[in-house]
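Let's take a walk through a protein together. Have the viewer open and follow along, one stop at a time.

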Amino acid sequence: IEFNFTDSALKFWPKGSIANGAVDTDDLVKIPLHLHPVGLRTVKCSLNNSAPFDAIVDMGSFFSVANWMASTTAGIGPDSPEVKRGGLQVSGVDGGSMQMAMAPFDLRVIGEAEDLSSTYRGMCCVGDLPAFNALGASVSPMMALGLDVIGRGRMVFNASDNCMYLSSGDETYGV
């Protein structure tokens, strides 16, 4: 599936369209997809050059959300001066709502070659969503990668080959 967020277009391509050149991904970064035990697709991410951790690919979320463990590992704890609180409330998968903090991060979605990444420099939400606990991330860094990161320019999602292609994202967003 090719998502062109700039042109508000969606294209479904036959299997093998990337390999045969029908879908041009030369200007995009190839990101390996992994399968979480519950069946969701994940990628490896890093915040502020932290050690890589899993992020759920979440096309239903406008904003990326890191849990506090991922944020703290990246050097931004709950009491850090960079943290902005209030103003953003989200509904979780359990139907409850919660306040989200926000903080600036240099986020890398790690590509097939680790030195190739899709980068995002901007604000991300921070909070321990109930869904993270349900996914087993109460004791490990985790995030949901939302449209603020994956919805820039073009994105090609190729589940059959376990990869997606993202813009390199050299620009600064939302800082």
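Start with Arg154, whose side chain reaches the backbone oxygen of Asp24 at 2.7 Å. Keep in mind that you're looking at a predicted model. The side chain of Arg154 also makes a polar contact with the side chain of Asp27, at 3.2 Å.

Where does Arg154 sit? It belongs to strand S12, which covers residues 154–158. Is Arg154 buried or exposed? Its relative accessible area is 17%, and buried means under 20%, so Arg154 counts as buried. Now look at who surrounds it: setting aside neighbours within four places in sequence, Arg154 is in contact with several residues, including Glu2, Phe3, Val23, Leu28 and Tyr165.

Next, move over to strand S10, residues 117–126. Eight of its 10 residues are buried, so the rest of the structure largely encloses S10. Which strands does S10 pair with? One of them is S9 (residues 97–110), which runs antiparallel to S10 over 10 bridges. To see one of these pairings, find Arg108 and look for its bridge partner in S10, Thr119. Strand S7 (residues 65–66) runs parallel to S10, and two bridges join them.

Our last stop is the second largest pocket, with a volume of about 150 Å³. It's lined by 13 residues, and the closest to its centre are Ile1, Trp13, Pro14, Phe157 and Asn158. What kinds of residues make up this lining? Seven are nonpolar, four are polar and two are charged.

How values were computed
Residues are numbered from 1 along each chain as its sequence is written. This is a predicted model: local features need pLDDT of at least 70, side-chain atom pairs count only at pLDDT 80 or more; totals for chains, interfaces and linings use all residues. Side-chain values use heavy atoms; hydrogens and water are left out. On a 1 Å grid over the protein atoms alone, a cavity is a set of points where a 1.4 Å probe fits but cannot get out, and a pocket is an open set with protein on both sides within 12 Å along at least five of seven lines; lining residues have an atom within 4 Å of a point. Grid points are joined across faces, edges and corners, and a volume is the space filled by probe spheres set on the points. Ala, Val, Leu, Ile, Met, Phe, Trp, Tyr, Cys and Pro count as nonpolar, Asp, Glu, Lys and Arg as charged, and the others, Gly among them, as polar. Helices (H or I, at least four residues) and strands (E, at least two) are DSSP runs, numbered from the N terminus. Buried means under 20% relative accessible area, exposed over 50%, partly exposed in between (1.4 Å probe, protein chains only). A polar contact is a pair of N or O atoms within 3.5 Å; within protein, one must be able to donate a hydrogen and the other to accept it, and residues adjacent in sequence count only if both atoms are side-chain atoms. Contact means heavy atoms within 4.5 Å. Two strands pair if DSSP finds at least two bridges between them.
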